[in-house]
Amino acid sequence: MHARAALATALVAGRTSIPVLRSAPPLTLRQTGPHSVHLISTAAGPLGGDRLELDLDVAPGTTLELGSVASTLVLPGPGESRTLITARVGAGATLRFTPEPTVLAAGCAHRIEVGLTLASDARVLWREEIVFGRYGEQPGRCHARFDATLDGRPLLRQEFTVGTPALDTSPAVYGDARCVGTTLIAGPVPLAEAVVADGVAVLPLAGPATLVSALALDAVALRTRLEWGESTASRGRPAGPV
Amino acid sequence: MSADHDDHHHAPDGHGRALRLGVGGPVGSGKTALVAALCRTLGPTLQLGVVTNDIYTTEDADFLRKAGVLDEDRILAVETGCCPHTAIRDDIAANLDAVETLENRFGPLHLVIVESGGDNLTATFSRGLADKQIFVLDVSGGDKVPRKGGPGVTTADLLVINKTDLAPLVGADLDVMAKDSAAVRGDRPVLFTSIRQDPTAAAVAAWVRDQVQSWLHQHH
Amino acid sequence: MNAAILLLTDSRLPAGGHAHSGGVEQAVTSGAVHDVPSLGSFLRGRLHTTGAVATALAAASCAFASGTADGPWAWDGLDAEVDARTASPAQRAASRVQGRLLLRVARRLWPSPVLEELAGAVPSPHHPLALGAAAHAAGAAPEDAALAAAYHAISGPATAAVRLLGLDPVAVHRLLADLSRELPTAPGERDLPPSAAPWADLPAHSAPALDVLAERHALAQVRLFVS
Ligand SMILES: Nc1nc2c(ncn2[C@@H]2O[C@H](COP(=O)(O)OP(=O)(O)OP(=O)(O)O)[C@@H](O)[C@H]2O)c(=O)[nH]1
Ligand SMILES: [Mg+2]
């Protein structure tokens, strides 16, 4: 299956409107508020061989919040499955991307590619969570690549690979964690220095952005750690105990 | 350190830069006490910087900063990765970098003192790092130490035997120490001090002042 | 392989490397690395994540130094590519210190315009940049620089672990010998891309556990190694 969904905002009379909201099953987009949209999965998967594309265009001065109603379960199939997300966030625009986690079922072979193109004063919160298999399950393989540029300069480039046990369990990589997640927060935050707590680091990047990076045994703990890191970044100091 | 750090690599011949003085010696012999004394005595007339090489913490640097003998920005601490002698002898890069950072920030300086982490009798400074070096022993190890020699005792430009106030308590014979030192050092100088009793370390400071003067004369 | 690369990979090269543990000291403190097998796992993870990034960027730097990558790119652009791949500020700082110290040594060993150019453009370059440029100045090729960077990613941490845990140094060298089969023979996973986008596509493997270790280490009151 090959699906291409797209969403674009526009500034109309000083307000955000969403003139383009093009679903492509299984990627179904539903507007759930004045500037919020949810992804609703209308089929299982992605399955091996699927190629799902989502393009977001957040126009200058507009706001978009994008979530999903359920986690994505990546299943095996003939060949590799791919999810490609591209997003352009214009000057003075705000994007909050907080979908539910991607769960790698046994035997899957998945690729995630995210390309974020930010204007210099865009504000973005972009969260990604990958869960290594359902409960008690060995995960399939996944390769995720994330590239964010700000004003044409590289801001964050990172790759995660899952599914090679000798690397996954390395104390340098994921250790005994079963999920990994990051939140990129672009735009000014008051945090000047890195903060660490159990399984989570809040990292000021070289460019004007902060990365929350977390590891956990399960998806609930992962979300708690990421949210703790997100609020630490926005307060500029540790947000209490994790 | 950030990307906008200035490019400040010095010519290796020493032209136009401060005298670099290494202060080495075994653990607890009084190196930091001596560095503090030198800062106290020379600070009013010379432009100084200090680099410390603690083994485990930044205790020496913290002590010097608290002692208030020198503006605290002029004291830099270098970590030595378990090997204090490597950092002053075999791989001096981090120490050189610290010395040059001080010269670059506060220069021109007259004297930069590098205190090594406390180590054993074989630890000496590379000539690529220190132009002159002082080796500090104390009497509490007994009067046999100078006799044992080792590159620190034999080759340092100045041997300081500290804590003479403790000599009667530990039964160390200063005459024996003086004689043994002379035997292994030839006419290289030896000074006895008690920094407890003379917190200015007057005799050592006078020697250092002479070294700085002749250095500046030759290299400026 | 060019013989000069042996000098760049020798742990006795006086470029400050001995004071960096690459996260091992903190991993030892936390108990995650405590014996030869756990060290082996640590090193393998390091090699294939941050090591792979350093490898690719060092090769890119060497190629850029040799003038084969033409286009509107400059040293600060390549340096920014390393920044973007190094989320942890403590790791960025450690990389820049080691880069600066290596560049200092290289300028005396292999004086050349390209090293002066790098020092002028980025006085404290990331370590892979310094390594790649030094390799070129020494007469080596990008593949050599890649190999040196990959080896650097594991040899320093291995030595640190020997010192910190008192491990049998031969057992630890056995780990290195085994891992040496996984060292790259070509720069990065992919070949250096053509001039269209020379650096954007280079590997960017993250090691989230290393990020946490690096930041904890930077905050530690008591430590033996810089990083
Ligand atoms: N009695 C006496 N104590 C001294 C004298 N000089 C230093 N001390 C004391 O000896 C102890 C060690 O002195 P430091 O100056 O810290 O010695 P150090 O050589 O720098 O030690 P490390 O850096 O740990 O190797 C301190 O408690 C000093 O107060 C002295 O002349 N007499
Ligand atoms: Mg001391």
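How are the donor residues of the magnesium ion (ligand 2) spaced in sequence? The legends below take up this question and then turn to the cysteines and to chain B as a whole.

This is a predicted model, in which local features need pLDDT of at least 70 and side-chain atom pairs count only at pLDDT 80 or more, while totals for chains, interfaces and linings use all residues. Residues are numbered from 1 along each chain as its sequence is written, chains are lettered from A and ligands numbered from 1 in the order in which they are written, and side-chain values use heavy atoms, with hydrogens and water left out.

**View 1. Protein donors of the magnesium ion (ligand 2).** The donor residues follow the spacing T-x27-D-x54-E. Thr32(B) lies in helix H1 (residues 31-42) of chain B and Glu115(B) in strand S4 (residues 111-115) of chain B, so that the pair, 83 residues apart, links distant parts of the chain (helices, H or I of at least four residues, and strands, E of at least two, are DSSP runs numbered from the N terminus).

**View 2. Cysteines without disulfides.** Over all chains the count of disulfides is zero, a disulfide being a pair of cysteine sulfur atoms within 2.5 Å. For Cys179(A), the nearest cysteine sulfur is that of Cys142(A), 13 Å away. Cys179(A) is buried at 0% relative accessibility, and Cys83(B) is buried with a relative accessible area of 14%.

**View 3. Chain B with its nine helices and seven strands.** The radius of gyration of chain B is 17 Å, close to the 17 Å that the globule rule gives for 220 residues, so chain B is as compact as a globular protein of that length (the radius is taken over C-alpha atoms, and the rule is 2.2 Å times the number of residues to the power 0.38). The C-alpha trace of chain B spans about 55 × 35 × 30 Å along its principal axes, and buried residues make up 54% of the 220 residues.

Conventions: Donors are N, O and S atoms within 2.8 Å of the metal (3.2 Å for Na, K and Ca); water is not among the atoms, so sites may look incomplete. Buried means under 20% relative accessible area, exposed over 50%, partly exposed in between (1.4 Å probe, protein chains only).
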